[in-house]
Amino acid sequence: MNFKNVTVAGSGVLGYQIAFQTAFHGFKVSVYDINDEVLGKAKAKFFELCECYKRDLNATQDQLDNTFNNLSYHSNLAEAVKDADLVIEAVPEDPAIKRDFYEKLSQVAPEKTIFATNTSTLLPSEFAEVTGRPAKFLALHFANMIWVNNMAEIMGHASTDLSVFNQLVEFSKAIGMLPLPIYKEQSGHLLNSMLVPFLISALDLWINEVSDPQTVDKAWMKSFGSPKGPFAILDIIGINTVYNVAKLHADTNPLMARLMNRLQTEFIEPGHLGMPTGQGFYSYPNPNYESKTFLQ
Ligand code: NAD
């Protein structure tokens, strides 16, 4: 792996974190977004991230100054990618937006550039042709709060070149990630392939009144020494996201229809959207699953 210049396309929730983490580890990073106003917002969020890096990683002022020196901002795609060894795409999770982005990118990126998508739910094979370079295209999936949840799922599609895949494994390590190589295209990668059925099983126990959320969490936490159970995890994901997924499947899945209705009246209407709003299945800060007595 001989990368020096990385372009991160899209500076939203995940993009600005990927850009900062990559620059923090010494790569030159071009941040690309649709206009200067959005880029200004990303810049402001980088200053907020500094506090997290100091608190969670003991980052020094020198390291943070170097990080800022490694970052540049672009609203012109050709300029943003002109020297790129790698483009990490973190534009919205909308197939039409992604397709349009890759069409434009394929026309202006140098031949050497590898393209990686951070998509959570779509498959790289969906976009392989439109990138114009299927062998140099794959998924590189990060988690929210990348600096502490530092893992990267690396997943090619059937025509991804093995050496490109291996370079991305090395790159992930170079930016402080635990690399998680995936050898076969899989919707949901590794983590969500396990997490989503687990969370649905927990919600099923609650909706069918088999038990209550705290008892379900206790069963999980006590058995595995886990710091969180499924309902604590749902609070972190956000009840609105859970509601939106339930709504999407409500027409065809009776459990999802009942879940949607219950979330609507008990959580959405009163504004209890989970950890960000201070109330979900637990109250924040200091949810009682963190108290010493919770498992006694
Ligand atoms: P977001 O909506 O917060 O940010 C998207 C950014 O892309 C915005 O800044 C927007 O201005 C920009 N954008 C829109 N059109 C663009 C274009 N044509 N070219 C360049 N930039 C454009 O989205 P997000 O939550 O950061 O998600 C981005 C990707 O990351 C998605 O594929 C998503 O599945 C994935 N992801 C998200 C999370 C998460 O927790 N949010 C976690 C892992 C992966």
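Student: Where does threonine 121 lie?

Tutor: Threonine 121 lies in the loop between S5 and strand S6 (137–142). Helices (H or I, at least four residues) and strands (E, at least two) are DSSP runs, numbered from the N terminus. This is a predicted model, where local features need pLDDT of at least 70, side-chain atom pairs count only at pLDDT 80 or more, and totals for chains, interfaces and linings use all residues. Residues are numbered from 1 along each chain as its sequence is written, and side-chain values use heavy atoms, with hydrogens and water left out.

Student: Which residues does threonine 121 touch?

Tutor: Contact means heavy atoms within 4.5 Å. Leaving aside residues up to four places away in sequence, threonine 121 touches Glu93 and Ser187. With glutamate 93 there is a side-chain polar contact of 2.6 Å. A polar contact is a pair of N or O atoms within 3.5 Å; within protein, one must be able to donate a hydrogen and the other to accept it, and residues adjacent in sequence count only if both atoms are side-chain atoms.

Student: Which residues come nearest to the ligand?

Tutor: Here, near means that a heavy atom of the residue lies within 4 Å of the molecule or strand. Of the 22 residues around the ligand, the nearest are Leu14, Asp33, Glu93, Lys98 and Asn118. A polar side-chain atom of lysine 98 is 2.8 Å from a ligand oxygen. For asparagine 118, an N or O atom in the side chain is 2.9 Å from an oxygen atom of the ligand. Leucine 14 takes part with a polar backbone atom, 2.9 Å from a ligand oxygen.

Student: What is the order of the strands in the sheet?

Tutor: Two strands pair if DSSP finds at least two bridges between them. This open sheet of eight strands runs S3-S2-S1-S4-S5-S6-S7-S8, with mixed pairing. Strand S3 (71–74) and strand S8 (178–182) are the edges, each pairing on one side only. From one strand to the next, the twist averages 25 degrees.

Student: At what angle do H10 and H11 pack?

Tutor: Axes are lines fitted to C-alpha atoms, for helices over the stretch in contact, and angles run from 0 to 180 degrees between N-to-C directions. Helix H10 (residues 239–249) and helix H11 (residues 254–268) pack at about 145 degrees, with axes 8 Å apart. The contact includes Tyr243 and Ala246 of H10 and Leu259 and Leu263 of H11.

Student: Is the crossing of H10 and H11 left-handed or right-handed?

Tutor: A crossing is left-handed if the near helix is turned anticlockwise from the far one by less than a right angle, and right-handed if clockwise. H10 passes H11 in a left-handed crossing. Another pair is helix H1 (residues 15–24) and helix H3 (residues 61–69), whose axes come within 8 Å and cross at roughly 115 degrees. The crossing of H1 and H3 is right-handed.

Student: What about backbone angles?

Tutor: Most residues other than glycine have a negative phi, and most peptide bonds are trans. Asparagine 58 has a positive phi, near 50 degrees; asparagine 58 sits in the loop between helix H2 (36–57) and H3. The peptide bond from tyrosine 284 to proline 285 is cis, with omega near -5 degrees. You can find proline 285 in the segment after H11.
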